[in-house]
Amino acid sequence: MNDTSNPSDPASPIIVMDQVVKRFGDALVLDHLDFQVAKGEKVTIIGPSGSGKSTVLRILMTLETIDSGLIHVAGKPLWHEYRDGRPVPASEAHLRAMRKEMGMVFQQFNLFPHMTVRRNITESPIHVLGLSKAEAEQRAHEYLELVGMTEHADKFPGQLSGGQQQRVAIARALAMRPNIMLFDEPTSALDPELVGEVLTVIRRLSEEHDLTMLLVTHEMEFARQISDRVCFFDKGVVVEQAPPEEMFAEPREERTREFLKTFIRTRQGA
Amino acid sequence: MLFGIEWNTANDWVFAWSILPILLRGLIVTIEATLLGFVVGAALGLVLAALKSVRFRLISWPARVFTEFLRDTPLLVQLFFLYYVLPEYGLVLPAFLTGALALGVQYSAYMSEVYRAGLESITRGQVEAARALDISPLRIFTVVILPQAIPRIIPALGNYLVSIMKDVPVLSVVSILELLNVARIIGDRSFNYMVPLTLVGVLYLILTLVASAGVRYLDEHLPKRGIPLH
């Protein structure tokens with residue numbers, strides 16, 4: 001009953017954003033954005049700060065509302081629901097159900113500082129998914145293994161390095177078994193020598209799991225390696241998108257070229 | 001004689017010893033008023049903090065104005081208001097309750113700010129991470145926010161407990177027989193103010209030291225592992 005709005009580019013889109021508008025006060029952050037992600041696709045979003053790239057993730061995770069437009073995740077409307085065939089704003093119950101599709105990793109890790117690593121990971125599987133404590137701890141162990149943090153399960157986040165905290169945060173999001181993982185600049189708050197361990201984990205994830213991944217990053221080389229597609233965002237729209245080889249070798253748009261050029265220059269200067 | 005207890009004015013030491021049981025009665029009233037005032041203040045403060053955090057201005061603004069009003073007017077004025085004005089509207093409370101209520105209401109304004117600061121010290125990222133993990137709003141508050149806020153809130157509330165205790169003598173103006181009032185009456189009747197008032201000072205000092213030690217103990221023994229407090 002809902003879909004006149006699916007120009008169906010990718011084979012089976014799991015995320016469809018259709019003419020999405022987002023304003024912060026007078027600033028137009030997303031300007032009638034059309035954006036799709038296919039199931040299992042690894043998509044990297046690059047762009048200057050303020051281009052709206054993080055906002056896309058935050059809207060999908062329902063941490064920000066939208067001003068207009070339609071978003072579907074896994075075929076279901078995200079920010080609205082249908083009542084008597086008419087779209088109405090989504091209720092909290094609907095939003096909570098939709099959040100189950102997605103997991104998010106934040107720039108600032110956002111682990112709960114008063115809980116051990118293990119409790120950080122088991123909290124939601126126990127109290128949201130209804131797993132038993134034993135099952136949840138088994139699951140926590142499984143994902144801590146994946147991120148190489150099993151020996152730190154009883155520590156508090158404050159006792160860990162930034163890179164370790166971010167790996168735990170990744171395990172915590174995965175433990176909810178989402179279909180889509182959203183990474184919002186996962187290495188931007190890290191000291192340079194800690195970036196590698198986090199990227200290694202994300203790379204492993206992209207290779208070994210059929211998760212749909214949406215990654216906002218400034219790590220261009222990493223984006224080139226793991227992405228199926230790279231999207232360049234500027235001023236709230238997708239300026240250009242292409243497979244990484246194409247995108248980084250021969251960007252078509254002037255704005256993309258400018259961005260990549262200044263970006264590489266500042267990086268080398270740093 | 002007070003509360004049926006006679007005193008002996010042979011010398012200052014004997015006098016002091018003989019009025020101590022009387023003063024202790026006053027001390028108990030002081031402690032009761034402190035505790036009741038604290039409970040009222042802590043509870044009403046939490047309500048005010050919750051109201052002030054509501055986005056809907058029709059609710060948050062009156063709470064804000066009320067808080068500001070409480071903070072900017074003297075306790076004595078508020079006490080007189082409750083003591084003399086409420087009965088005009090048919091609400092007659094015992095003097096002790098009125099006094100404790102006045103203390104509690106005044107301090108609720110300060111305490112609401114303590115709650116607010118404590119809750120606001122929890123970063124937005126914590127709430128966002130919890131929402132991303134699909135944790136229910138109630139559990140976000142009770143499991144994510146509160147445990148991090150409480151270790152910040154308790155010591156500040158404890159300091160107000162001591163402040164309330166030191167404000168209790170104000171209640172003597174509405175004839176509540178708390179410690180200072182009892183001492184004054186003894187002085188009036190024995191023509192010796194020095195001894196009872198000195199004892200009041202000593203008793204207050206002991207009380208404050210004990211309360212402060214209690215607050216410190218609580219502060220040190222609160223479960224706050226891992227919580228960065230500064």
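## The nonpolar cores

The largest nonpolar core has 78 residues, and those that touch the most other members are A:Ile45, A:Leu60, A:Ile71, A:Met104, A:Ala171, A:Leu182 and A:Leu214. Helix H5 of chain A, residues 162–174, gives the most to this core, with six residues. A second, separate core of 43 residues includes B:Ala42, B:Ala102, B:Val170 and B:Leu171. A nonpolar core is a set of buried Ala, Val, Leu, Ile, Met, Phe, Trp, Tyr and Cys residues joined through C-beta atoms within 7 Å. A residue is buried if 20 or more other C-beta atoms lie within 10 Å of its own, exposed if 12 or fewer, and partly exposed in between, with C-beta atoms placed from the backbone.

A:Ala171 is in contact with A:Ile121, A:Tyr143, A:Leu144, A:Leu146, A:Val147 and A:Met149, leaving aside its neighbours within four places in sequence. Contact means that the C-beta atoms of two residues, placed from the backbone, lie within 7 Å.

## The model and its confidence

This is a predicted model, in which local features need pLDDT of at least 70 and side-chain atom pairs count only at pLDDT 80 or more, while totals for chains, interfaces and linings use all residues. Residues are numbered from 1 along each chain as its sequence is written, and chains are lettered from A and ligands numbered from 1 in the order in which they are written.

The average pLDDT of chain A (the predictor's confidence in each residue, from 0 to 100) is 89, and 93% of the residues score at least 70. Over residues 1–10 of chain A, pLDDT stays under 50, and the model has 12 contacts beyond four places in sequence for them. Where pLDDT is low, the predicted coordinates should not be read in detail.

## Chain A as a whole

Chain A contains nine helices and 12 strands; helices (H or I, at least four residues) and strands (E, at least two) are DSSP runs, numbered from the N terminus. Of the 270 residues of chain A, 44% count as buried.

In helix H1 of chain A, residues 53–60, eight of the eight residues are buried; among them are A:Lys53, A:Arg58 and A:Leu60. A:Thr62 follows H1(A) and has a positive phi, near 65°.

## Annotated domains

UniProt, in an unreviewed entry, lists "domain: ABC transporter" for residues 15–260 of chain A. This stretch of chain A is 37% helix and 28% strand, with its end C-alpha atoms 26 Å apart. For chain B, an unreviewed UniProt entry gives "domain: ABC transmembrane type-1" over residues 23–215. Here chain B is 81% helix and 0% strand, and the end C-alpha atoms are 25 Å apart. UniProt positions are in the numbering used here, feature names are shortened, and annotations may be inferred rather than shown by experiment.

## Where the chains meet

In the model, 17 residues of chain B are in contact with 20 residues of chain A. On the side of chain B that touches chain A, helix H5 (124–132) and helix H6 (137–167) of chain B each give two or more residues. H5(B) gives the most, with six residues.

Helix H6 of chain B also holds B:Arg152. B:Arg152 counts as buried because it has 20 C-beta neighbours inside 10 Å.
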